[in-house]
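Trainee: Before we look at anything, could you take me through how one reads burial, packing and strand pairing from a set of coordinates?

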Amino acid sequence: MTRVLATADLHWGRGGKRDLATRQLAHAACEIDADAVVIAGDVAIADPRKVVECLQLFSDFEGAKLVVPGNHDLWTKRFDSWRIWNRLFPESAKLGGFHCLDRSPYLLGRCAFVGSVGWYDYSFADPALG
């Protein structure tokens, strides 16, 4: 049986109690004997450096490290969201020691992990809907 730790919405980089809670979560995850840890979106606040920082908190985790970007990882006025999704987030994931599930699935024994940001910027919306 595959043992998976999963979390989301860390929003690393805001400081204070939120970042402290993320540090504590990462420390606890590294102490647990699990096969994989998954961070399912909103790792940090649309800053590739902060994504790397956050993911590196899990560097001592011995199992598979998997991540999916979330809207707060992608939507910003500082960078182009397409560039973040297409290049910067996957690069940040790799630098942080994580496999980006938005790029490709991950096989762990008989268990497959797939992920997608579920992009919802309304680009494909029917204009008749308003």
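Trainee: Is Ser92 buried or exposed?

Mentor: Burial is judged by relative accessible area, where buried means under 20%, exposed means over 50%, and partly exposed lies in between, using a 1.4 Å probe and protein chains only. Ser92 has a relative accessible area of 4% and is therefore buried. This is a predicted model, in which local features need pLDDT of at least 70 and side-chain atom pairs count only at pLDDT 80 or more, while totals for chains, interfaces and linings use all residues. Residues are numbered from 1 along each chain as its sequence is written, and side-chain values use heavy atoms, with hydrogens and water left out.

Trainee: Where does Ser92 lie, and which residues does Ser92 touch?

Mentor: Helices (H or I, at least four residues) and strands (E, at least two) are DSSP runs numbered from the N terminus, and Ser92 lies in helix α4. Contact means heavy atoms within 4.5 Å; not counting residues up to four places away in sequence, Ser92 touches Pro48, Val51, Val52 and Leu55.

Trainee: Which residues of α2 are buried?

Mentor: They are Pro48, Val51, Val52, Cys54 and Leu55. What covers the buried residues of α2 includes α1, β2, β3 (64-68), α3 (71-74) and α4. By contrast with that list, Glu53, also placed in α2, is partly exposed, with a relative accessible area of 35%.

Trainee: What caps the N-terminal end of α2?

Mentor: The cap is Asp47, with a side-chain oxygen that lies 2.9 Å from the backbone nitrogen of Arg49.

Trainee: How should I read the span of α1?

Mentor: The expected span of a helix is 1.5 Å times one less than its number of residues. The 16 residues of α1 should therefore span 22 Å, and the end C-alpha atoms are 23 Å apart, which agrees. Within α1, the residues Asp19, Thr22, Ala26, Ala29 and Cys30 are buried, and they cover an arc of only 95° around the axis, which puts them on the same side of α1. On the other side of α1, Gly16, Lys17, Gln24, His27 and Glu31 are exposed, whereas the buried residues of this helix pack against β1 and α2.

Trainee: Which residues touch the most other members of the largest nonpolar core?

Mentor: A nonpolar core is a set of buried Ala, Val, Leu, Ile, Met, Phe, Trp, Tyr and Cys residues joined through side-chain atoms within 4.5 Å. Of the 25 residues in the largest one, Ile39, Val43, Leu55, Phe58, Val67, Phe89 and Phe98 touch the most other members. At least two residues of this core are supplied by each of α1 (16-31), β2 (36-40), α2 (48-56) and α4 (81-95), and the largest share, five residues, comes from α4. Apart from this core lies another, of seven residues, among them Ala64, Leu66, Leu101 and Phe113.

Trainee: What is the order of the strands in the sheet?

Mentor: Two strands pair if DSSP finds at least two bridges between them. Here an open sheet of four strands has the order β1-β2-β3-β4, with parallel pairing. At the edges stand β1 and β4 (99-100), each with a single partner strand, so one side of each is left without a neighbour in the sheet. Four bridges pair β1 with β2 in the parallel sense, and Leu5 stands opposite Val37 in β2. Five bridges join β2 to β3, which also run parallel, and Val37 stands opposite Lys65 in β3. As for burial, β2 is mostly covered, since four of its five residues are buried.

Trainee: What is phi of His11, and what is phi of Asp42?

Mentor: Phi of His11 is near 50°, a positive value in a residue other than glycine, and phi of Asp42 is near 55°, again positive in a residue other than glycine. His11 is in the loop between β1 (4-7) and α1 and counts as buried at 10% relative accessibility. Asp42 lies in the loop between β2 and α2 and is buried, with a relative accessible area of 5%.

Conventions: A polar contact is a pair of N or O atoms within 3.5 Å; within protein, one must be able to donate a hydrogen and the other to accept it, and residues adjacent in sequence count only if both atoms are side-chain atoms. The arc is that of the directions from the helix axis to the C-beta atoms.
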